[in-house]
Amino acid sequence: MRYYLIDADKNELIVDLSSTKIHNADLVEYKFSTLKENKEIHASTVFVRKLAGMYYSSFDGISWAKLARQEIPTKMLNVNKVYDLYRGFKPSGLAGTGAGEMVTQMPGKIVKIQTKIGDKVSKGQTLVILEAMKMENEIKCGIDGVVKAIHVNVGQALEQGVLMLEVGKP
Amino acid sequence: MTTIKKKRILIANRGEIATRIAKAIKELNHTSVGIWTDNEPSAAHLEFCHEWVRLEGTTNAETYLNIPKIIELCKKHKIDAVHPGYGFLSENGNFVKALDENGIIFIGPNTKATSQMGDKAISKQLAKKAGIPTVPGSADAVPTLDEAIKISKEIGYPVMLKAVAGGGGRGMRVCHHEEDVRKNFEVVGREAQSAFGNAGLLVEKFILNPHHIEVQILADKKGNVFHFFERECSVQRRNQKIIEEAPSPFIGEDEALRTNICETAVNLARAVGYDSAGTVEFIMGEDKKFYFLEMNTRIQVEHPITEEITGVDLIVCMIQAAFGEDLGIPNQQWIRRSGHAIECRICAEDPITMLPAPGLVTGFETVFPQGTRFDHCLFRGLKVTPDFDPMVGKLVTKGIIREVAMRKMRAALDGLLIEGLKTNIPLHKVILKDEPFIRGNYTTKYIEEYRPQDRVNVELQPDGIYKILAGVEARQMGL
């Protein structure tokens, strides 16, 4: 799973969740890394443990700190900067891809296509569900527009960088 | 023991103070009636209210500031008394009058005290008459720019232009020379008109290196007036307090000065026939000479620190006083203070620019040390809108001495986890570790002079992001 954090000046930060290891029902281990120009610049392992209904995190499995539990947030905060947070997809129109072109960010299998050609769609709407790394990922539309073309079918296995869908101006 | 009839009390406010009032009403076994408006349907304070009433409208003018509509609500819901909280209609003479005319009790001082103290010019004259030192300046609202310049020359620069009906740091401006007065006179007048419905301006001397020290007053309808010692609120930005403490570190061990300022406040309250909770604000110069600034005829944001050091429940007492009940306080000597309390106002604002930053709270948890109190309106999913004040909570710690209160505050700030929303928590963390604050000799110029905002660490910490993302993933997996 990949996360994209984009600030108001369009600076972007890519955080890769490279592995998830479930130790038991209450303890999970995650490996994260930060990418810059496709190079890993930082990496860490984080443990999350559930205790009395609360989440605690740790880097060493020994010292733990409480986490403010969140559903998938659309914003992430760092002191005075708020980033837009995208989980599993990079919004169209950013970093080279044409607005509305939805390209796979990781290899995966199409589980569901929730739209058809000619549909009016809005920014943030889930159009495709892609299974990757044993997780279902909602692929959201980056702009308001109309679905112009669908290049994939349900059940199809895709490599990274495949154009799935095109959304354009009505 | 007399049995008191169960009263129906409307809380004409929102946010943390509405919650605080609702708790007091519940404790006193009255019925609390909370208000929600169309732009805040999931108002958290309702959780503590017995009855929830809709106040139609989306702007404050249509809702919390709408006197006819609130009176109408009171009649419809058979309200016996209204607690205004702070801000909104808490110091509005017309509101008090309208309630009076409809036989509804205003939980606050009598009409005379509100109208006299609510007007800065009249309150100053009254204070002078009562022999209380006041800051040199115009006795009345200054009608023209020329008059303002003339008075400024007489009392000497710097001067402060200040809305007659102002409060909360709005509608005031410091002028260092004539040009400033020329530039600001109209602007501040306009600000005053739009914020308080009164364009009248006062001119007064601006005290250098001042400390903001205020005295908590509590009076009843039987003529008892008590003080609950002082608070120091010198950490301010844009003339608005962000950290308060009780007792004042500037007064420190000087008990004679403490007694003097507190008794001065009591004298003023007596002079105006005060009969509720209120605060007399003073400005204290480097020479420890103090001048009366204004009296706030309402409960104040920072009342918890006084409650913490004296053990009194000010909101409860305020309600009891309004119904003419006994406060249960035999005399002034009976009121004692112990320890030290600090309050940090937690605001939805940028910690560096200190400008409001609305947003959505995506996560909220607390891990507090012993001796922490957090009066707040936060919850996961809270949308902070620009419609209301950015203050979302008040973090209060109490310790046996100031050092302990500060230590607890540092720990409490570390344990206040708010995600998604910019807050001034990082700024508070810097201030609580800053030498001038730790020494306890800081003035209202502290933020300007020492600029703690420049020392907020904004460096991006990948580990911090991983932690948060790990939490999100864990949630997604259903951990």
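This is a predicted model: local features need pLDDT of at least 70, side-chain atom pairs count only at pLDDT 80 or more; totals for chains, interfaces and linings use all residues.

User: How many residues of chain A are in contact with chain B, and what makes a pair count as a contact?

Analyst: A pair counts when the C-beta atoms, placed from the backbone, lie within 7 Å. By that test, 33 residues of chain A are in contact with 36 residues of chain B. On the chain A side, β2 (12-24), β3 (27-36), β4 (39-51), β5 (54-58), β6 (65-67), β7 (75-78) and β8 (81-87) each supply at least two residues. The largest share, 5 residues, is from β4(A). Sorted by type, the chain A side has 19 nonpolar, 8 polar and 6 charged residues.

User: Staying with chain A, why is Glu37(A) called buried or exposed?

Analyst: Glu37(A) has 6, so exposed is the label. You'll find Glu37(A) in the loop between β3 and β4 of chain A. Its phi is near 45°, which is positive in a residue other than glycine.

User: Which label does Arg451(B) get, and why?

Analyst: Arg451(B) has 11 C-beta neighbours inside 10 Å, so Arg451(B) counts as exposed too, given the limit of 12 or fewer. Arg451(B) sits in the loop between α14 (446-450) and α15 (462-476) of chain B, and again phi is positive in a non-glycine residue, near 40°.

User: And what is the label for Gly381(B), and why?

Analyst: Gly381(B) has 14 C-beta neighbours inside 10 Å, so the label is partly exposed. Gly381(B) is in the loop between β17 (372-376) and β18 (383-384) of chain B. Against Ala192(B), the separation is 189 residues in sequence and 35 Å in space, C-alpha to C-alpha.

User: What makes β13 and β17 of chain B edge strands?

Analyst: Look at the order in this open sheet of 8 strands: β13-β12-β9-β10-β11-β14-β19-β17 in chain B, paired antiparallel. β13 (290-296) and β17 each have a single partner strand, so one side of each has no neighbour in the sheet. From one strand to the next, the twist averages 25°.

User: How do you know that β14 and β19 of chain B count as a pair?

Analyst: The test asks for at least two bridges between the strands. β14 (residues 340-347) and β19 (residues 391-399) of chain B have 8 bridges, in the antiparallel sense, so they pass as a pair.

User: Which peptide bonds in chain B are called cis, and what are their omega values?

Analyst: Two to look at are Tyr157(B) to Pro158(B), with omega near -5°, and Ala246(B) to Pro247(B), with omega near -5°. Pro158(B) is in the loop between α6 (145-155) and β6 (159-167) of chain B. Pro247(B) is in the loop between β11 (240-246) and α8 (255-271) of chain B.

User: What confidence does the predictor give chain B and the complex?

Analyst: Chain B has a mean pLDDT of 94, with 99% of its residues at 70 or more. For the complex, ipTM is 0.80 and pTM is 0.82.

Definitions and conventions
Residues are numbered from 1 along each chain as its sequence is written. Chains are lettered from A and ligands numbered from 1 in the order in which they are written. Helices (H or I, at least four residues) and strands (E, at least two) are DSSP runs, numbered from the N terminus. A residue is buried if 20 or more other C-beta atoms lie within 10 Å of its own, exposed if 12 or fewer, and partly exposed in between; C-beta atoms are placed from the backbone. Two residues are in contact if their C-beta atoms, placed from the backbone, lie within 7 Å. Ala, Val, Leu, Ile, Met, Phe, Trp, Tyr, Cys and Pro count as nonpolar, Asp, Glu, Lys and Arg as charged, and the others, Gly among them, as polar. Axes are lines fitted to C-alpha atoms, for helices over the stretch in contact, and angles run from 0 to 180 degrees between N-to-C directions. pLDDT is the predictor's confidence in each residue, from 0 to 100.
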